[in-house]
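The following exercises concern a single protein model. Please study the sequence and the structure before working through each solution.

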Amino acid sequence: MWRCPLCQSSLTTDTVWYCENNHRFDVSRRGYVNLLPVHKKGSKQPGDSKEMLSARQTFHQTGGYQPLMDKMATLLISALKTKTGELSLYDAGCGEGSYLNEVQCALQNHGVSVSAAGSDIAKSAVDFAARQYKQAQFVVASSFDLPVEDNVVDVVLQVFAPGDDRELHRVLKPGGLLLHVAPGPEHLYALKSVAYQTPRKHEQPVDRRVGFVLQSHEPLSFDVNFSSAEQISALLMMTPFTWRLSEEKRESLLRDLKQIEADFVVSLWTKSEAV
């Protein structure tokens, strides 16, 4: 399913990945492959920091967003109930791998054979994912230039990640599914109110995408009830506005925050005509 990020020809995956033009890519000791050309990095260390990724992994391991993961799995299980054969599942912007792993495991528990893979522009994210989740293949790559061949993926996940609709459309098989998750208007608003003088609510995701047909567009809200200061600290560290918190505000939240509202919009799309 992989293609060379330099010449777009098919990659042979072995102890070293290579294409017919002899572009070669080493497999790391953790099993992932860096398919992000240097000239496309944009910065020395693109993507989320190690600290944010570690916090995200800690938070997910406490089950903080488990209702969201369950919702994603339920939607796909229902949409794929007539699917036969092995399913190709791809997470475009996988972070540290938690969402891909949860969906893969849920599908497998319902008897679906799943081949899972994910990519992220942050090398640290892919390292975290490959270390934790051995049953999926991870690569370093930009979501705007996926190193994936045309029409080979059954389901793409896009969770809080930027990307290019044309690329998502290109890699999906005809009739393939795109599961998109975005923050809802009330997501972590109480926390934003502490971090910002004039907090803004998240804008709603679009309900039209060229080359896709919308199947469902569902809000999902639930309270995260904190079980420990470690869980609160992990949530604070994984959010993009945590750096706006003074030490005094941070200590106050760690001491007093008991729960917070998580709010999402989960959308399911089907690939349709060419773009």
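**Exercise 1.** What volume does the largest pocket have?

*Solution.* The model is a predicted one. In it, the largest pocket has a volume of about 760 Å³.

**Exercise 2.** Describe the lining of the largest pocket, by residue, by class and by element.

*Solution.* Begin with the residues: 35 of them line the pocket, and those nearest its centre are Asp 48, Arg 56, Val 159, Phe 160 and Ala 161. Next, sort the lining by class, which gives 19 nonpolar, 11 polar and 5 charged residues. Finally, turn to the elements. Two or more lining residues come from each of helix 1, helix 3 (98–109) and helix 7. The largest share, 4 residues, belongs to helix 1.

**Exercise 3.** Determine how helix 1 and helix 7 are arranged relative to each other, and state which residues form their contact.

*Solution.* Two packed helices are described by the angle and the distance between their axes. Here the axes of helix 1 (residues 50–61) and helix 7 (residues 229–238) come within 8 Å and cross at roughly 140°. Helix 1 is therefore oblique to helix 7, since only angles over 145 degrees count as roughly antiparallel. The crossing of helix 1 past helix 7 is left-handed.

The contact can then be listed from each side. Helix 1 contributes Glu 51, Met 52, Ala 55, Arg 56, Thr 58 and Phe 59. Helix 7 contributes Glu 230, Gln 231, Ala 234, Leu 235, Met 237 and Met 238. Sorted by class, this contact has 7 nonpolar, 2 polar and 3 charged residues.

Terms used:
Residues numbered from 1 in each chain as written. Predicted model: local features only at pLDDT ≥ 70, side-chain atom pairs only at ≥ 80, totals over all residues. Heavy atoms only, no water. Axes fitted to C-alpha atoms, helices over the stretch in contact; angles between N-to-C directions. Parallel < 35°, antiparallel > 145°, perpendicular 65-115°, else oblique. Left-handed = near helix turned anticlockwise from the far one by under 90°. Contact = heavy atoms within 4.5 Å. Nonpolar A, V, L, I, M, F, W, Y, C, P; charged D, E, K, R; others polar. 1 Å grid on protein atoms, 1.4 Å probe; cavity = no way out; pocket = protein on both sides within 12 Å on 5 of 7 lines; lining within 4 Å. Points joined across faces, edges and corners; volume = space filled by probe spheres on them.
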